[in-house]
Amino acid sequence: MLTFREHMEQNLDERSPYGDLKVALGKLVFKKEYLAALKMMKDKGKRAADAARIFRHVDAKELDKLWNMQQKVA
């Protein structure tokens, strides 16, 4: 049986090729905004969705993936 998080991660992989390209380019172009959003999440304990609302070009799903990867490394 899948956990809720695993179920949501499976659904994240079902994007269109255009959507993947848009997210990849967005992460390159708006790297500073993603880093600032990650810092806000760490310092203030905000969720990814809340931080994505503050930073205009940040995708909440991608920010959550980055946050989870960062937590696994640390």
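Student: In a left-handed or a right-handed crossing, how does helix 3 pass helix 5?

Tutor: This is a predicted model, and the values discussed here are computed from it. Helix 3 covers residues 31-44 and helix 5 covers residues 60-73, and the two pack with their axes 11 Å apart. As helix 3 passes helix 5, the crossing is right-handed.

Student: At what angle do helix 3 and helix 5 pack, and is helix 3 roughly parallel or oblique to helix 5?

Tutor: Helix 3 and helix 5 pack at an angle of about 60°.

Student: How do the residues of the contact of helix 3 with helix 5 divide into nonpolar, polar and charged?

Tutor: On the side of helix 3, the contact is made by Tyr34, Ala37, Leu38, Met41 and Lys42, while helix 5 brings Glu62, Leu63, Leu66, Trp67 and Gln70. Sorted by class, the residues of this contact are 7 nonpolar, 1 polar and 2 charged.

Student: Which residues does Leu66 touch, not counting residues up to four places away in sequence?

Tutor: Leu66 is found in helix 5, and its C-alpha atom is separated by 8.9 Å from that of Tyr34, a residue 32 residues apart from Leu66 along the chain. Once residues up to four places away in sequence are left aside, Leu66 touches Tyr34 and Leu38.

Student: Which element gives the most to the lining of the second largest pocket?

Tutor: The second largest pocket holds about 160 Å³ of space, and its lining consists of 11 residues, with Lys22, Val23, Tyr34, His57 and Asp59 nearest its centre. By class, this lining has 4 nonpolar, 2 polar and 5 charged residues. Two or more residues of the lining come from each of helix 2 (17-29) and helix 5. With 3 residues, the element that gives the most is helix 2.

Methods:
Residues are numbered from 1 along each chain as its sequence is written. This is a predicted model: local features need pLDDT of at least 70, side-chain atom pairs count only at pLDDT 80 or more; totals for chains, interfaces and linings use all residues. Side-chain values use heavy atoms; hydrogens and water are left out. Axes are lines fitted to C-alpha atoms, for helices over the stretch in contact, and angles run from 0 to 180 degrees between N-to-C directions. Helices (H or I, at least four residues) and strands (E, at least two) are DSSP runs, numbered from the N terminus. A crossing is left-handed if the near helix is turned anticlockwise from the far one by less than a right angle, and right-handed if clockwise. Contact means heavy atoms within 4.5 Å. Ala, Val, Leu, Ile, Met, Phe, Trp, Tyr, Cys and Pro count as nonpolar, Asp, Glu, Lys and Arg as charged, and the others, Gly among them, as polar. On a 1 Å grid over the protein atoms alone, a cavity is a set of points where a 1.4 Å probe fits but cannot get out, and a pocket is an open set with protein on both sides within 12 Å along at least five of seven lines; lining residues have an atom within 4 Å of a point. Grid points are joined across faces, edges and corners, and a volume is the space filled by probe spheres set on the points.
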